[in-house]
Amino acid sequence: MTATGSKNESPAKAKRPLPWPIRFYQSDVGKKYVMAITGVVGLGFIVFHMLGNLHAFEGSDQLNHYAEGLREIGEPIAPKTFLLWIGRLGLLAALAGHLHAAWALSRSNQKARGAVGYEDRNYLAANYASRTMRWTGIIILLFIVWHLADLTWGVGAINPDYVRGEVYANLIASLERWPVFLIYLTAQGALALHIWHGAWSLFQSVGINNARFNHWRRNFATALAGIVAIGYLTVPFGILFGIIH
Amino acid sequence: MDLKLRVWRQGGAAGPGGFKEYDAKGISEEASFLEMLDIVNEELTMAGEEPIAFDHDCREGICGTCGLMINGQPHGPQQGTATCQLHMRKFNNGDTIVIEPWRALAFPVIKDLVVDRSAFDRIVEAGGYISVDTGSAPDANLTPVPKEAVDAAFDAAACIGCGACVAACPNSAAQLFTAAKIGHLNLLPQGQPERLTRTAAMVDTMEEYFGSCTNHGECESACPQGISLDYIAQMNRDYLKAQLADLRRSGQK
Ligand code: FES
């Protein structure tokens, strides 16, 4: 029975049962699980990457050696770069899942809101971070693409001084340009906001809720957002102040 | 006190709507918000104008019929209070008060400030009950229930279905309502036999009409009954279980 205001214009047609992961993903609650789980994958990568960056403070040899070491994870059991590629594909899949679910959910929400909005709206609990998740997400996505082009693919138009394998020199060549410094600052701001809401929100989405530790969920998100932002920004600031040179 | 009202007027479901301004003069601080509207309506009627249509019934905060967006807050500036329990002492002389209906695709305006909330009924019909054979009443305390579970179920059962959670949600999500209606049954022994099918059916029905939760927490702060976001987490967990469990073996299919 379709009552007034249903989001489905056409009545649901009888469908044969699909396998449960697909059926689960078809629901918004299922998509929120995907948002949360892929978000955790992303958070894992973000922390791992941040720790790796700190090798920049040990100097050129150490950073280049660390970067080369990433290609050699799993050697000699696995061929060179094999596990690295598994990791990359996993991250790509997580990113794709996160994006698709986010896109589908915001469409569903937009539809649910209807045509007329409030003239006056006074938010009590929603905060800047929670209300800008879509935009901080887009900033982070654009940053990832630019960052890869700058320091992984070495696209000439973006980083003309790029030399493959010279991680340390590439990093400095890129960050010595002040617009690049600003890009990092913006992206880190967006990331911190995104994590501050996301790393709290994910607990609710997957139903991890218990009076014994609920207050830690917010603290966890705050700490993670702070640690990640500070950890990442040490490198551009290190270059700015000549500590990394 | 004297107030200026900016009220959404809409002749009918199809009709275009718009804001109209009214003066409310000489309103007592002791008046409730709805009494203030009654006074304005009386004057409108005397002047031969159409009174402002708004929903109300019990006027004691228990039925969930009332519900207005007042100055951008569902049920107005006093938290934990339904519109009918809001009093004019919460406002100051000379204030302009903006009054709007709940906004959501699933809550179409019927007239002025009255919206159709029957999408909530569809959610409850999908599983917000327990199936029991009727007969003579069971002995009291036949089914032991821990006090904590009773309290938690009762907190969820306090939901009056006013729709403030949907009105407050930037996504027009009905998670808090649905989670409360699921929660008060799923927390009690009597609710266990249908726990998973109930959760799945009610969530699926909810999603036909409403948006999804992005954990803003607006619903919780708008709820006149102070229902907690914790029930939403419980609903999400039960929804996953409903997907994973062998429903036939657990007797739920
Ligand atoms: S009129 Fe019944 S709750 Fe307000």
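Reader: Quick one first: B:H75, buried or exposed?
Author: B:H75 is buried, at a relative accessible area of 0%. Buried means under 20% relative accessible area, exposed means over 50%, and partly exposed is in between, with a 1.4 Å probe and protein chains only.

Reader: What am I looking at, and how are things numbered?
Author: This is a predicted model, in which local features need pLDDT of at least 70 and side-chain atom pairs count only at pLDDT 80 or more, while totals for chains, interfaces and linings use all residues. Residues are numbered from 1 along each chain as its sequence is written, chains are lettered from A and ligands numbered from 1 in the order in which they are written, and side-chain values use heavy atoms, with hydrogens and water left out.

Reader: Back to B:H75. What is phi there, and where is the residue found?
Author: Phi of B:H75 is near 65°, a positive value in a residue other than glycine. B:H75 sits in the loop between β4 (73–74) and β5 (96–100) of chain B. Helices (H or I, at least four residues) and strands (E, at least two) are DSSP runs, numbered from the N terminus.

Reader: And B:R59, what is its phi?
Author: Near 55°, again positive in a residue other than glycine. B:R59 belongs to the loop between α1 (33–46) and β3 (69–70) of chain B. B:R59 counts as partly exposed because its relative accessibility is 24%.

Reader: Zoom out. How many helices and strands in chain B?
Author: Chain B has eight helices and seven strands. Its C-alpha trace spans about 65 × 40 × 35 Å along the principal axes. Of the 253 residues in chain B, 54% are buried.

Reader: What share of the contacts in chain B comes from residues 24 or more positions apart?
Author: They account for 68% of the contacts with a separation of 6 or more. Contact means heavy atoms within 4.5 Å.

Reader: Which domains is chain B divided into?
Author: Domain 1 (3–111) and domain 2 (117–250); the bounds come from an automatic or database domain assignment. The centres of the two domains, taken over C-alpha atoms, are separated by 29 Å. Domain 1 of chain B puts 19 residues into the contact, and domain 2 of chain B puts in 19 residues.

Reader: Which residues of helix α2 of chain B are buried?
Author: B:S118, B:A119, B:F120, B:R122 and B:I123, in a helix that runs over residues 118–125. What covers them includes α4 (164–168), α5 and α6 of chain B.

Reader: How do α5(B) and α6(B) cross?
Author: The axes of α5 (residues 175–186) and α6 (residues 195–209) of chain B come within 10 Å and cross at roughly 165°. That makes the two helices roughly antiparallel. Axes are lines fitted to C-alpha atoms, for helices over the stretch in contact, and angles run from 0 to 180 degrees between N-to-C directions. Angles under 35 degrees count as roughly parallel, over 145 as roughly antiparallel, 65 to 115 as roughly perpendicular and the rest as oblique.

Reader: Which residues meet there?
Author: From α5(B), B:Q175, B:T178, B:K181, B:I182, B:L185 and B:N186; from α6(B), B:R195, B:R198, B:T199, B:M202, B:V203 and B:M206. By class, this contact has five nonpolar, four polar and three charged residues. Ala, Val, Leu, Ile, Met, Phe, Trp, Tyr, Cys and Pro count as nonpolar, Asp, Glu, Lys and Arg as charged, and the others, Gly among them, as polar.

Reader: Switching to chain A. At what angle do α2(A) and α4(A) pack?
Author: At about 140°, with the axes of α2 (residues 28–53) and α4(A) 8 Å apart. The residues of that contact divide into 10 nonpolar, five polar and three charged.

Reader: Why does A:W103 count as partly exposed?
Author: Because its relative accessibility is 49%. A:W103 lies in α4 (residues 82–113) of chain A.

Reader: Where does A:I138 lie?
Author: In α6 (residues 133–151) of chain A. A:I138 and A:A190 are 52 residues apart in sequence and 9.1 Å apart in space, C-alpha to C-alpha.

Reader: Last one: which peptide bond is cis, with omega near 0°?
Author: The bond from A:E75 to A:P76. A:P76 is in the loop between α3 (60–71) and α4 of chain A.
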